[in-house]
Amino acid sequence: MIRSLLKLAAILVAGILIYNYFFGTDTEKENSRKVFGQVRDVVVSVGNLVKTEKQKFDAGKYDVALEKLGGVYKAVRSQAQHLDASFIKRLDELEQRKLSLQQQLDTIDQNEPAAATPAPSGKKSLKADPKAEKAKLQKAADQQRRKEQLQRELDELLKDSDELLKHAQDQ
């Protein structure tokens, strides 16, 4: 319901801005131009953010963190002989989460090159297929949302691992 209200509000605001841009008074037209300019700036900024995150992802931003976690888990497991069974069980759970994140990242890595390669075409077309372009944009947006979700999961895993290590040091 809230989503529907937000969509309706966005459509209403866009309609008012478009109406004012074409049919409003001089001040309303100027305000609409300012808003459209600011929206353009936001879109450009978001595009730059997506490019930066993609570069970080391609550079192995997530892989380094997961490798470090794997090393920490091995070191803790080798020293965990004197700790209780609940600690080892919790360590196993964290390792499973790490493996799951690694598999999801590998899946994204495998899917990205396929999405990035252009489809071969025998003829140059004057107009790009709007549905294909929309599908590419949607897929890129989905990939970016998935990367952001994985980053949040990785941050949570790091936090949980830190808590486990602090608990181990206290004992």
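This report covers the helical core, the aromatic pairs and the salt bridges of a predicted model.

## Basis

Local features need pLDDT of at least 70 and side-chain atom pairs count only at pLDDT 80 or more, while totals for chains, interfaces and linings use all residues. Residues are numbered from 1 along each chain as its sequence is written, and side-chain values use heavy atoms, with hydrogens and water left out.

## Nonpolar core

The largest nonpolar core has 18 residues. Such a core is a set of buried Ala, Val, Leu, Ile, Met, Phe, Trp, Tyr and Cys residues joined through side-chain atoms within 4.5 Å. Buried means under 20% relative accessible area, exposed means over 50%, and partly exposed lies in between (1.4 Å probe, protein chains only). Tyr73, Leu101, Leu105, Leu154 and Leu157 touch the most other members. At least two residues of this core come from each of helix 3 (61-79), helix 4 (85-116) and helix 5. Helices are DSSP runs (H or I, at least four residues), numbered from the N terminus.

Leucine 101 contacts Leu66, Leu150, Glu153, Leu154 and Leu157, leaving aside neighbours within four places in sequence. Contact means heavy atoms within 4.5 Å. Serine 161 sits in helix 5 (residues 130-170). Serine 161 is buried, at 4% relative accessible area. Its contacts are Leu69, Tyr73 and Leu94, not counting residues up to four places away in sequence.

## Aromatic pairs

There are four aromatic pairs. Rings of Phe, Tyr and Trp (its six-membered ring) pair if their centres lie within 6.5 Å; planes under 30 degrees apart are stacked, over 60 edge-to-face, and the rest tilted. Tyrosine 21 and phenylalanine 22 form an edge-to-face pair, because their planes stand at 85 degrees, with ring centres 5.1 Å apart. Phenylalanine 22 also pairs with phenylalanine 23: the centres are 6.5 Å apart and the planes at 55 degrees, so this pair is tilted.

Tyr19, Tyr21, Phe22, Phe23 and Phe36 make up one aromatic cluster. Tyrosine 21 is partly exposed at 32% relative accessible area. Phenylalanine 22 is exposed at 53%, and phenylalanine 23 is exposed at 62%. Arginine 33 lies over the face of tyrosine 21, 5.7 Å from the ring centre. A charge sits over a ring if NZ of Lys or CZ of Arg is within 6 Å of the ring centre and within 35 degrees of the ring normal.

## Salt bridges

The structure holds eight salt bridges. Each needs a side-chain nitrogen of Lys or Arg within 4 Å of a carboxyl oxygen of Asp or Glu. Arginine 97 and aspartate 160 meet in one of them, at 2.5 Å, N to O. This pair links distant parts of the chain, with arginine 97 in helix 4 and aspartate 160 in helix 5, 63 residues apart. Aspartate 160 is buried at 9% relative accessible area, whereas arginine 97 is partly exposed at 30%.

Aspartate 142 bridges to arginine 145 at 2.3 Å, N to O. These two are three residues apart in helix 5, so about one helical turn separates them. Aspartate 142 is partly exposed at 35%, as is arginine 145 at 45%. Arginine 146 forms a salt bridge with glutamate 153, where the closest N and O atoms are 3.9 Å apart. Arginine 146 is partly exposed at 23%, and glutamate 153 is partly exposed at 28%. Salt bridges with shared partners join Arg90, Glu93, Arg97 and Asp160 into one network.
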